[in-house]
Amino acid sequence: MREGEKDPGLYDFRPYRDRPPLAWPGGKSVAVWVSPNIEFYELDPPANPHRKSWPKPHPDVVGYGHRDYGNRVGHWRMADAMSKHGFPGSVSLSVAMCQHLPEVVADANDRGWEFFSHGIYNTRYSYGMDEAQERALIEDSIRTVREATGQVIKGWLAPALTHTPRTLDLIAEYGLRYTCDLYHDDQPGEVHVKSGRLISMPYSLEVNDHYGFFVYNMSPREYADTLIRQYQRLADEGERSGAGTVMCIPLHAYLIGQPHRIGPFEEVLKHIAADGRAWITRSGDIADHYMQQVPA
Amino acid sequence: MTLDPAYLDYPLRKAGMDHDHYRWSNLFERPPIAWPSGQGVAVAVVINLEWFPIIPEDKPFRAPGHMVTPYPDYRHYTAREYGSRVGFYRMLDALMRVRARASVAVNAAIATRYPQVIADIVAAGHEIVAHSTDMNGTIASGLPEADERALIAASIDTLERVSGSRPRGWMSIARSQSFNTPRLLAEAGLSYMCDWVNDELPYRFATGAGDLVNVPINHELSDRQIVTVQQNSADSYVQQMQDAHVLLAGEAKRFGGRMLPLNITPYVMGLPYRIDAFERLLAHLAEQPGTAFHTTGEIAGALG
């Protein structure tokens, strides 16, 4: 990015009208990817001078317990619902999960899910890192996921969405292909980086389960209805224009895997699977397909 | 800009949790648990019965639901009292109608101020769970250990004196603990706590002074979360609990006992325009096959 300038210069402006055709495999109108955040939060993390880890003095028993619930209870409900309806996951992974709870990582890997990095822990932030420290974080992510799963990560979602001005340049230099940290479009697009090629992968905060439940205070059924509306609109637009759209469903097992939420959510998966216009896939496959079809 | 190099050290990055209280465990790979009723789903009604002094102390923090306006905050003081005088009795009646026994997490101040309420709880066969002293009795790191120990003892001793039996369970205000709390609860002779929301079944929790059982009373399913924080209607709350019940009843058939905690607050769910919905929920659950009401003490005991 252009550090210190009013326009960070992340990408070119491209209006939504009259976009060139973008074909998804099988003539599908919308690429749908589900993104479980598989995270580890530390009970007593060291302080980052720019952001507190927990709103309360450590131990934040409810905050920690809520997250831990995702790995003990929620993941298994969420993953089974996804597998049942044919949805692979593209995991935003706190890579220290590979050491702490390899059972959860192995389960996701066995289901054919993709992993990208979401930092080491969701309680360690990039704010304030110098370049060497940020390189260490990226190299640790690549090495840890490869050793645990055999996969080479292709993407990045900054730990707890904490960035530095050099993050995007660095991940591109290390050969990563997409970032999930930019929210300016419903299609992938080029990101300006110093070297290599990086695209933005449409993720979503607006239909993230965390926003649904705790920013917009939706009931589980209202959130399910929101996802269906989001899907219908993006499928309709992709079908009409021939410029394929992307819908991401970002999830947290500690939220969507709750007993009052997983039932309504499963109805969403059922709806999308039955509609027939969705390319139900993984973020890395969307990136590969896009980069092959669209020259940089 | 740079960070202290220690920020990129991860001394606890190894297999398992980053503390010694419990081991990681997959809910779906445990031996099945059986409830005393033999039914698959244990519905645990947990009512928080609280007294808010009109002078908040904020040491170490102000409890949710506490005073808001400059002194004297008549509106919040009396609205919380409404819960103990009126709303709670609506709840007692509702439980009696479906013959459900519940757990009541009681501030010790309720016992000293309103012994009649305690007598009515005991007469109905409900369990009393110790819930601190009053709503100034919050716990978090920073509270001196001796003060925390005294607070726990005062709560349990008072509830024992007024109710005639010593509580076996504990629930902290806002489920907030210090690093010392589990050990102090074990040293005080308690057998279970309700503060950790990381699971859906009781499990063993090492404290350094012997094990406690943790009975997770999921805050996500509480009226405080759904109605007060997320501002969903009472009807929506009922729908959400019914949806949760359907899911849990299905799992109980495959995996063994499941638990549905209904954590409710007299000044929230006991209001005239909400209590009908809650009564409807109780009636619905009472009719469901494979479902029984259990106290948190019964649930803790089922761990064996």
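Predicted model: local features only at pLDDT ≥ 70, side-chain atom pairs only at ≥ 80, totals over all residues.
Let's apply the definition. Take A:N217. It has 14 C-beta neighbours inside 10 Å, so A:N217 counts as partly exposed. Where does A:N217 sit? In chain A, in the loop between α6 (209–215) and α7 (220–241). Its backbone deserves a look. Phi of A:N217 is near 55 degrees, a positive value in a residue other than glycine. Most residues other than glycine have a negative phi.

Next, A:L161. This residue is not a glycine either, yet its phi is positive, at about 60 degrees. A:L161 is in the loop between β4 (155–156) and α5 (167–173) of chain A.

Now chain B. How many helices and strands does chain B have? There are 10 helices and 9 strands. The radius of gyration is 20 Å, close to the 19 Å that the globule rule gives for 304 residues, so chain B is as compact as a globular protein of that length. Its C-alpha trace spans about 60 × 55 × 45 Å along the principal axes. Of the 304 residues in chain B, 50% count as buried. Look at the contacts in chain B between residues at least 6 apart in sequence: 74% of them join residues at least 24 apart.

On to the core. In soluble globular proteins, nonpolar side chains tend to be buried together. Here the largest nonpolar core has 167 residues. Which residues have the most contacts inside it? They are A:M97, B:V43, B:V45, B:I47 and B:V104. Helix α1 of chain A, residues 61–84, gives this core its largest share, 9 residues.

Zoom in on B:I47. Leaving out residues up to four places away in sequence, B:I47 touches B:F88, B:M91, B:A102, B:V104, B:A105, B:I264 and B:P266.

Last topic: peptide bonds. Most are trans. Two to look at here are cis. One joins B:K59 and B:P60, with omega about 0 degrees. Another joins B:Y71 and B:P72, with omega about -5 degrees. Where are the prolines? B:P60 is in the loop between β1 (41–49) and α1 (74–97) of chain B. B:P72 lies in the loop between β1 and α1 of chain B as well.

How values were computed
Residues numbered from 1 in each chain as written. Chains lettered and ligands numbered in written order. Helix = DSSP H or I, 4+ residues; strand = E, 2+ residues; numbered from the N terminus. Rg over C-alpha atoms; globule rule 2.2 N^0.38 Å. Buried ≥ 20, exposed ≤ 12 C-beta atoms within 10 Å, placed from the backbone. Contact = placed C-beta atoms within 7 Å. Core = buried A, V, L, I, M, F, W, Y, C linked by C-beta atoms within 7 Å.
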